[in-house]
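Trainee: Could you walk me through reading helix packing and strand pairing in a model like this one? I would like to go feature by feature.

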Amino acid sequence: MRHTHNNLCILLLILIFFISEPLFAQKEEISGFHKDTISGDIKVGLVLSGGGAKGLAHIGALKILEKAGVRIDYIGGTSMGAIVGSLYASGYTATELDSIFRRVDFDKLIQDDLPRNAKTFYEREDAEKYALTLPFDNFKIGLPQGLSKGQNFYNEFSRLSAHVSDIRDFDKLPIPFFCMSTNIETGEQVLLDKGYLPEAVSASGALPSIFSPIELNGVLMTDGGVTNNYPVKEIKDRGAEIVIGIDVQDSLMPKSELNSVTNIMLQVSNFRTINAMKSKIKETDIYIKPSITDFSLISFDQADKIIKNGEKAAEENYEKLKAIAQRQTPSKPTLQVPKSSDTLKISGVSISGNQRYTRSYIKGKLKLKKPKTTTYKKLYEGINNLSATANFDRVSHLLKDNTKGKELMLNVKESKNTMLLRFALHYNDLYKSAALVNFTKKSLLFNNDVLSFDVGLGDNIRYNFNYYIDKGYYWSIGLKNSLNQFNKNVTYELVRDDFILPDIQVNQINLDFLDFKTQFYLETLLHQTFSLGIGAEYRRFRLISETIGGVDEDELPRTVFDNSDYWSTLAYLRFDSYNNKYFPSSGFYFDGTTNYYLLDNNINSEGSNFVIAKADFGQAFKITNRLSSSIELSAGARFGEKNLKSLNFFVGGFGAKTLHQNVPFYGYDFLNIIGDSYVKTSATLNYEILKKNHLNLTVYYSYV
């Protein structure tokens, strides 16, 4: 019996061994590591893939990692994974990242939608008038490197990472970090773990065709997802014993979805990354794959769903994550990211990279004189001013602490494109249809000059020539020449009394209008906001009609109301902070111009000097997110000369380029009301039905 009992004990021990071995192995599989290879504290590496808006799922997954208590020792990311990962590595919590990314206007970041007040007056006109801009260097039409230079993203990321701006070795961040980019010349991957964090992350996320390539240390770089969208090997080389990977890359689409050029090109570009992932998944201990099939690279408006899907996918691995956390030494309490003051004192400015553009030009665009106490908002407005000139491919900046405040270290990369072509189509009832073409040449005679020539090709040919030497804070120099002409039928009695015409049975006559101007002017900034200009003007003005009888001095059968030359001095003051020229919801507008006429050869002139003054005011304010209101006031008068009826103000019409004498007024046709002075006021309610779709209700009143 004893022998039998011993045999039973041995059998029981063997059975327990074979049963416990699978159980233990199952436990080790859940924890994600092998007992015989790892002992003690476990080093965990986190891999975050690229994927555009789908990368917001990283934030949801990070929340669950924090909930499970996992200590992250290394972070490696690509593109959107680099953006989220770098901010997390610099000290932000997942909850803080959630709040940050929900506040961000991604449309502005992606499109480089620079605020309107960042542009000069002539830059605004070009941007608002033309639909297409193309490089034209060496008189050859080219294509831009990308839809956006990424300036808004760079500014925002610099602000968010300001607390680690002095760190040049990313291993010294609160969590060691690296990101992947691609050498666009060789096609090789580039690992970025040193340098200035905003520049490295910008290079990792420079999505081809969307963002222009980034040049760092002489290497032209594009999005890291081109060569390595999931850097699992690199994270292991850093010393990670356990790898947690969050993958938001696309899967291959079925045949039913391959119904467009976009989807087919996306499918082709995904072949390499999906094949590479077959081996990379095996190297990942805990692989988290959020459901992102319903979202695209730009689905930032669905942030709630994407973040929630990231949480859900990580939650499915919660027990494995918790098992890892139990094998780690608890992490030290995370140091809170300091809340930096919105105000800062700029004690000095250093500028590098500029060759064609002078320091005074750059500092003038920044609207910054040192030392100065300013805000981050105003500083970034100044940097946007530089970017809006299109003279620079990139404006990099760094704020460095010193005993007197902060030194602004500015590095600019000047654009090689100095010639541009712009195109648009135009129609209104005054000028009729026209194709608008603009030719722009920068650095023609001087480093900081620009020549711009607009021409309207259509029923009424017109042009505008502008040459401008921009000297920043100093007095800038400009030369303008323009021609405007059109024909318009007007009511006969409208001009009969003013020009003492015979009382004949004619309902309408055709007026031939021509206005040719040449201006030379000096311009400067007043209190860094108002544009103040003074100058001289030559004007050739013609107003004739061939409808009614009469013979002019050239014995041509037409009636001449004016065909004269005028010489005057001019002064103007302008301010424009409207956020949108056509549908403003905030801001203030003022444009006042005065011409003092010294000489003319009009036969009706009494020979005395006279003045024509005109001013426009406007203010807009937001009532709700979609509803806004604006109030406008316009006034003009001619002083000193009463016989020059041809220089009266013409009130009426809409949608036309406002010449000095033409005043738009809804409800009346062009040139329908004439007078030597006028006052006009209007109130508008503007409702944005859909994005960039507006419904306006306007009330006008005028006294002429």
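Trainee: Which residues in α2 meet which residues in α12?

Mentor: Ile64, Leu65, Lys67 and Ala68 in α2 meet Tyr318, Leu321, Lys322 and Ala325 in α12, where contact means heavy atoms within 4.5 Å. Helices (H or I, at least four residues) and strands (E, at least two) are DSSP runs, numbered from the N terminus. Before we go on, keep in mind that this is a predicted model, in which local features need pLDDT of at least 70, side-chain atom pairs count only at pLDDT 80 or more, and totals for chains, interfaces and linings use all residues. Residues are numbered from 1 along each chain as its sequence is written, and side-chain values use heavy atoms, with hydrogens and water left out.

Trainee: What describes a pair of packed helices?

Mentor: The angle between their axes and the distance between the axes. Here, α2 and helix α12 (residues 318-326) pack at an angle of about 50 degrees, with their axes 8 Å apart. Axes are lines fitted to C-alpha atoms, for helices over the stretch in contact, and angles run from 0 to 180 degrees between N-to-C directions. The two helices α2 and α12 are therefore oblique to each other; angles under 35 degrees count as roughly parallel, over 145 as roughly antiparallel, 65 to 115 as roughly perpendicular and the rest as oblique. By class, their contact has 6 nonpolar, no polar and 2 charged residues. In this scheme Ala, Val, Leu, Ile, Met, Phe, Trp, Tyr, Cys and Pro count as nonpolar, Asp, Glu, Lys and Arg as charged, and the others, Gly among them, as polar.

Trainee: At what angle do the axes of α2 and α11 cross?

Mentor: The axes of α2 (residues 57-68) and α11 (residues 303-315) cross at roughly 40 degrees and come within 6 Å. That angle makes α2 oblique to α11. Among the contact residues are Gly60 and Lys63 of α2 and Gly310 and Glu311 of α11. The residues of this contact divide into 6 nonpolar, 2 polar and 4 charged.

Trainee: Now strands: how do they pair in a sheet?

Mentor: Through backbone hydrogen bonds, either parallel or antiparallel.

Trainee: How many residues are in the hairpin that joins β25 to β26?

Mentor: The hairpin joins them through 4 residues. Strands β25 (residues 610-622) and β26 (residues 627-639) pair in the antiparallel sense over 12 bridges, and Ala620 is partnered by Ser630 in β26.

Trainee: Where is the predictor's confidence under 50?

Mentor: It stays under 50 over residues 1-36; pLDDT is the predictor's confidence in each residue, from 0 to 100. Helix α1 (residues 2-31) has the lowest mean among the elements, 34, whereas strand β1 (residues 44-48) has the highest, 97. For the protein, the mean is 84, and 89% of its residues reach 70 or more.

Conventions. Two strands pair if DSSP finds at least two bridges between them.
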